[in-house]
Amino acid sequence: MKPKKQRLLKVIFFLSLLGIIISGYLVSVHYSNKNSLCDINQGLSCSIVNRSQYAEVWGIPIAFFGVLFYLVLGLIAFSSYKMNQKVGLNKKSVLYFITTPKSILFLTIPALIFSFYLTYAEFFWIGSICILCMVSQGTILSITLVSYKCHKIKFEIINQNEVKSSDSN
């Protein structure tokens, strides 16, 4: 595995940790009677957003799904960083596919779209913005872009090898 790709996987891992911390805090705010630390006014209030009707799916806080989502992304990034470089998995195995930057990219794109939907709800239906939700959205966007870059490195290497082989002919 290339050093640049390893660095990008570390970035994804640490962004996932940030997402777990933010989402975990938002879960605790959802279930507590205390206001969030980032409540500034009615227009900028994590508490208002986090206790709105849009903050739950099937009675479960969306932030809890965020904790699980970031946990999965972090595990995939860690596995891709550690396992694929040492174990040398068969490229046709399911475990190999699950632990690639491509799988992170496939997971983050729908999550990013859902995050945009939630931001729309904050602006137009709830009438208050959650600063931590916006940071989480930035985290998902960053992970998406980094996983795309990480996935793209593979194709740059393939293209370089094709150019080398055509030059030798």
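Analyst: In this predicted model, Cys 130 has a relative accessibility of 0% and therefore counts as buried, the cut-off being under 20%. Cys 133, with a relative accessible area of 24%, is partly exposed. A search of the whole structure finds one disulfide, and the cysteines that form it are Cys 38 and Cys 46, with their sulfur atoms 2.3 Å apart. Cys 46 counts as buried because its relative accessibility is 0%, and Cys 38 is also buried, with a relative accessible area of 13%.

Turning to the serine, Ser 128 is placed in the loop between helix 5, which covers residues 101–126, and helix 6, which covers residues 131–168. Ser 128 counts as buried, since its relative accessibility is 1%. The side chain of Ser 128 makes two kinds of approach to backbone atoms: it reaches the backbone oxygen of Gln 42 at 2.8 Å, and it reaches the backbone nitrogen of Ser 45 at 3.2 Å. When residues up to four places away in sequence are left out, Ser 128 touches Gln 42, Gly 43, Leu 44 and Ser 45, together with Ile 48, Val 49 and Glu 122. The picture for this part is thus of a buried loop serine whose side chain reaches backbone atoms of Gln 42 and Ser 45, while the disulfide itself joins Cys 38 and Cys 46.

Notes: Residues are numbered from 1 along each chain as its sequence is written. This is a predicted model: local features need pLDDT of at least 70, side-chain atom pairs count only at pLDDT 80 or more; totals for chains, interfaces and linings use all residues. Side-chain values use heavy atoms; hydrogens and water are left out. Helices (H or I, at least four residues) and strands (E, at least two) are DSSP runs, numbered from the N terminus. Buried means under 20% relative accessible area, exposed over 50%, partly exposed in between (1.4 Å probe, protein chains only). A polar contact is a pair of N or O atoms within 3.5 Å; within protein, one must be able to donate a hydrogen and the other to accept it, and residues adjacent in sequence count only if both atoms are side-chain atoms. Contact means heavy atoms within 4.5 Å. A disulfide is a pair of cysteine sulfur atoms within 2.5 Å.
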